[in-house]
Amino acid sequence: MPAGAVLVVDDLQWADPTSLVFLASVLARLPRLAAVLAFRPDEQARDPTASTTAAATALAGIREFRDVVTVALGPLPDEGLDALVGDAGLAAALRAETDRTPFAVAEVLRELAARGVAVAGVDGRWQPRDAAAVTLALQVGRQGQRRAVRRR
């Protein structure tokens with residue numbers, strides 16, 4: 001195994017039991033292979049399927065033969081959101097109508113940019129082009145939360 005190789009697996013919570021066993025086997029047999037396993041523990045907790053049990057079992061097994069560092073990512077803190085958005089009204093809309101995860105915030109900003117109502121300023125922070133941006137951010141954020149609730 002070449003030095004510096006990394007295996008990256010995203011959305012591990014959706015992996016089937018066979019894939020999880022394979023993953024655990026690979027990590028057991030290749031101790032120099034670094035791995036980043038990303039999953040949403042809240043998704044695992046809500047999904048009572050065998051896959052969730054298999055994911056928990058596989059992760060417990062990996063912990064037996066590998067050092068594991070857990071990094072919990074939560075919502076963007078106020079200072080993080082303020083560093084991203086240079087307008088107090090737009091930042092307040094993102095705080096109010098998203099779960100403040102980077103994905104949710106990025107999706108609202110992407111939609112605002114696609115509609116031409118927000119742009120990245122010279123300092124890299126997002127700015128509304130007009131007053132409609134804040135209203136639209138509230139609507140888009142609310143719609144995103146509704147989709148997430150329906151999906152769950």
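Valine 71 sits in the loop between α3 (50-65) and α4 (78-84); helices here are DSSP runs of H or I with at least four residues, strands are runs of E with at least two, and both are numbered from the N terminus. This is a predicted model, in which local features need pLDDT of at least 70, side-chain atom pairs count only at pLDDT 80 or more, and totals for chains, interfaces and linings use all residues. Residues are numbered from 1 along each chain as its sequence is written, and side-chain values use heavy atoms, leaving out hydrogens and water.

The C-alpha atom of valine 71 lies 9.4 Å from that of alanine 38, 33 residues away along the chain. For accessibility, buried means under 20% relative accessible area, exposed over 50%, and partly exposed in between (1.4 Å probe, protein chains only). Here are two valines to look at:

| Residue | Relative accessible area | Class |
|---|---|---|
| Valine 71 | 62% | exposed |
| Valine 6 | 48% | partly exposed |

Valine 6 belongs to strand β1 (residues 6-9).

Now for helix α6. Its 13 residues, 102-114, reach 18 Å from first C-alpha to last, close to the 18 Å expected at 1.5 Å a residue (the expected span is 1.5 Å times one less than the number of residues). Ala104, Val105, Val108, Leu109, Glu111 and Leu112 are its buried residues. Seen down the axis of α6, these fall within an arc of 155°, so they line one face of the helix; the arc is that of the directions from the helix axis to the C-beta atoms. On the other side of α6, Phe103 and Ala114 are exposed. After α6 comes glycine 116, with a positive phi near 75°.
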